[in-house]
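Good morning, colleagues. I would like to take a few minutes to go through one structure with you. Please have a look at the display before I continue.

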There are 2 protein chains.
Amino acid sequence: MKLTILGCYAATPRTFTNPTSQILEIKNRLFLIDCGEGTQVQLRRNKIKFSKINHIFISHLHGDHFFGLIGLISTFSLLNRTTDLHVHGPKGIKEIIMLQLRLSNSWTNYDLFFHELDSKESEIIFEDDKVTVKTIPLKHRVYTNGFLFEEKIGERKLNLDAVQNYEIDSCYYQKIKNGKDITLEDGKIIENEQLSFDPIPAKSYAFCSDTVYHEDVITIIKNADVLYHEATFLDSEENLASKTLHCTAKQAATIALKSNVKQLILGHYSTRYENIEMFKEEAITIFPEILLADDGKSFEF
Amino acid sequence: MKLTILGCYAATPRTFTNPTSQILEIKNRLFLIDCGEGTQVQLRRNKIKFSKINHIFISHLHGDHFFGLIGLISTFSLLNRTTDLHVHGPKGIKEIIMLQLRLSNSWTNYDLFFHELDSKESEIIFEDDKVTVKTIPLKHRVYTNGFLFEEKIGERKLNLDAVQNYEIDSCYYQKIKNGKDITLEDGKIIENEQLSFDPIPAKSYAFCSDTVYHEDVITIIKNADVLYHEATFLDSEENLASKTLHCTAKQAATIALKSNVKQLILGHYSTRYENIEMFKEEAITIFPEILLADDGKSFEF
């Protein structure tokens, strides 16, 4: 699992900082999460293959999270994309995109599917053989969802020494990987644990932005490997955070602690702060495993 | 008159090139012409004061000319703008912007006026005491206008030596600047030309992008000081230019020649070309005064 931060600053794009957008790579799939203005340039700058993005998840309809979407959709056309593109986001996103395509007398040369969200409960919105994506209902000034990306547990790993030792034919290997016991020709049953190793543990990534301090997310993201949680303000601006339905670094760390996640990545910093290290200093007093997002930074886990 | 090119490349924004946007400064007024994605970042990079922009002119509703508008309008709000903002552009632009403001539950804290265009004839769309702006109907895949910015001829300049010589009272100075003759106390009439100099000649700037080769513009832009004309392709791609309703460098130069403008600035280069000098080399065979636009470049005239 690899996370590339394309932008992690609140509000307006600036010369050297970008609004929210990130690429999550899981099991060779690329998911784009949010798409602030300039995302397509950040994709190029970070050498992300446009053609590998098939699913885009938009948390909410504030500009710093989706103003880059129409440009990216248009650019996909100019790049002669033919693969389907799926956009998951709040009700209304389809109208915004289709209106602009219609008025510019443009159309995509690929199929564009909108999956509009309006549920206030967590729901599965994507699933294939390797990955599940669930919404994390958040509490902000407009309808907002975070997203929980979970790998599915893979096959067991073959213990090559053991299978050769028992002279087991390779046609049984898939059965062993699926967790089944094997009966030898002499009728002896070999338990699966003797022939295979546990699969690589499934990882999970929770994206929570934008939201006020909201403990309802805890049951959904419980025990996640990595949590990205917005920390727009520092504790000194806690009043402003409450008023604008954002969080402080301290509050993000409290959610991480109570959710028992392994690591917390902070982001969505207000551009009023010159030094983002202060966010880490504040959060680490509550929760030890703090990482700071920054534009162009990648995390592998 | 000062022109700052924020972006002058066709189609998609890239790491080091930007779609169309430019700032024209005339008589201490800043006009923003087109607003591709990333324009607000280009404004910052070029140290343009956001608060001085009160009029935005959008040529047409292709993404590389207006996808940055919603972001700029939102950023004006975040910067606590209070001055009126006027957007002049094709019919539909209001619906695009208002839909996004409504769905994001945002509103501008300044008054936002849309002046939607749908006439196929050239018309005056802005006028104050110093400047007039007219549309230049262009021929492209969607309804498109270029814009002609004309300074108004200013007052005549007082010939200080002459007025002192004739002992003319200062209360008549404004009358002289307005071009009137003066009757002295002895009844002698002094002609205005003896008391004043010609005013600084009024300058004009014509912006023509995007369009196929279209001679109808010639009567409108005749004798302009500076013409910015799109040159998306080179002559070797003339077929592609015709097909996509764009121009070649040669065609842009032909329009400049037939319009008798003083200077031609080329821009809107297709990103297929690595070296924009080729556009100049081609155009200069037709018309001598060729300048090349490039992102971040300024021209004073």
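This is a predicted model: local features need pLDDT of at least 70, side-chain atom pairs count only at pLDDT 80 or more; totals for chains, interfaces and linings use all residues.

A negative surface patch is formed by residues of both chains: A:Glu95, A:Glu116 and A:Asp118, together with B:Glu95, B:Glu116 and B:Asp118.

Where does B:Asp118 lie in chain B? The residue sits in the loop that joins strand 6 (112-117) to strand 7 (124-127) of chain B.

I turn now to the annotated site. An unreviewed UniProt entry lists A:Asp64, A:His65, A:Asp210 and A:His268 under "binding site". These residues span 205 residues in sequence, yet no two of their C-alpha atoms are more than 10.5 Å apart, so they gather at one spot.

Within this group, consider A:Asp210: is this residue buried or exposed? A:Asp210 belongs to the loop between strand 14 (204-208) and helix 8 (217-221) of chain A. Its relative accessibility is 2%; because buried means under 20%, A:Asp210 counts as buried.

Finally, a word on chain A as a whole. The chain contains 11 helices and 18 strands. Along the principal axes, its C-alpha atoms fill a box of roughly 75 × 55 × 35 Å. Of the 301 residues in chain A, 55% are buried.

Thank you for your attention.

Notes: Residues are numbered from 1 along each chain as its sequence is written. Chains are lettered from A and ligands numbered from 1 in the order in which they are written. Side-chain values use heavy atoms; hydrogens and water are left out. Patches are made of residues with over 30% relative accessible area and no salt bridge: like charges are joined within 9 Å, nonpolar side chains (Val, Leu, Ile, Met, Phe, Trp, Tyr) within 5 Å. Accessible areas come from the Shrake-Rupley method with a 1.4 Å probe; for residues, only the protein chains shown count as cover. A salt bridge is a side-chain nitrogen of Lys or Arg within 4 Å of a carboxyl oxygen of Asp or Glu. Lys and Arg count as positive and Asp and Glu as negative; His and the chain ends are not counted. The place of a charge is taken as NZ of Lys, CZ of Arg, CG of Asp or CD of Glu. Helices (H or I, at least four residues) and strands (E, at least two) are DSSP runs, numbered from the N terminus. UniProt positions are given in the numbering used here, feature names are shortened, and annotations may be inferred rather than shown by experiment. Buried means under 20% relative accessible area, exposed over 50%, partly exposed in between (1.4 Å probe, protein chains only).
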